[in-house]
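Biologist: I am new to this one. Please show me how to read its features, step by step.

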Amino acid sequence: MERHIDAPVPAQQARTLYEGMALYGFDTDARIALIRRGIPASTISRLSARMGMSKEFLLSSLGLSRATISRKEKDASLLSKDESERVLGIETLIGMVQAMVEQSGDPAGFDAARWVSDWLSKPLPALAGATPASYMDTFEGQKLVAELLSMTQSGAYA
């Protein structure tokens with residue numbers, strides 16, 4: 001199967017992401033293309049507002065420099081690949097939680113972004129008392145947090 005990972009991201013998919021819709025449903029090629037292209041720095045402010053999380057806490061959790069992000073927001077520039085990947089990791093968690101709720105129960109009135117924000121800030125026994133937010137600054141940490149969420153749905157961790 002031929003893959004076109006560097007193909008431009010369709011405008012509709014990009015707009016959907018930037019408006020805070022379900023990145024979780026994007027196919028792998030589209031996600032990689034978004035990361036390589038970079039997402040607008042302004043996405044971080046919109047994400048923190050959606051989550052009801054302070055921008056400072058979000059930046060700290062993602063290991064991103066406040067000064068760098070502020071400059072990029074002011075210049076209306078794109079985030080680097082690494083910065084984009086970290087932000088998209090949070091978007092993926094939100095989409096994952098939304099999908100879990102839709103599969104397991106009634107999603108009416110459920111705010112996945114707010115739930116993820118709250119969950120990220122709570123110490124977990126599965127992380128030896130650390131918060132999931134403290135793992136969000138690396139790809140491997142984000143992968144671990146996503147696995148914990150999956151285990152929560154299956155009942156492996158209460």
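Biologist: Where do tryptophan 115 and tryptophan 119 lie?

Modeller: Helices (H or I, at least four residues) and strands (E, at least two) are DSSP runs, numbered from the N terminus. Both tryptophans lie in helix H7, residues 112–120. They are 4 residues apart, about one turn of the helix. This is a predicted model: local features need pLDDT of at least 70, side-chain atom pairs count only at pLDDT 80 or more, and totals for chains, interfaces and linings use all residues. Residues are numbered from 1 along each chain as its sequence is written, and side-chain values use heavy atoms, without hydrogens and water.

Biologist: How many aromatic pairs does a search of the whole structure find?

Modeller: Rings of Phe, Tyr and Trp (its six-membered ring) pair if their centres lie within 6.5 Å; planes under 30 degrees apart are stacked, over 60 edge-to-face, the rest tilted. The search finds 1 pair. Tryptophan 115 and tryptophan 119 are stacked, 5.9 Å centre to centre, with 10° between the planes.

Biologist: Is tryptophan 119 buried or exposed?

Modeller: Buried means under 20% relative accessible area, exposed over 50%, partly exposed in between (1.4 Å probe, protein chains only). Tryptophan 119 has 11%, so it counts as buried. Tryptophan 115 has 33%, so it is partly exposed.

Biologist: Which residues of helix H2 are buried?

Modeller: In H2, residues 28–37, they are Ala30, Ala33, Leu34 and Ile35. Glycine 38 follows H2, with a positive phi near 95°.

Biologist: How many helices and strands does the chain have?

Modeller: There are 8 helices and 0 strands. Of the chain's 158 residues, 40% count as buried.
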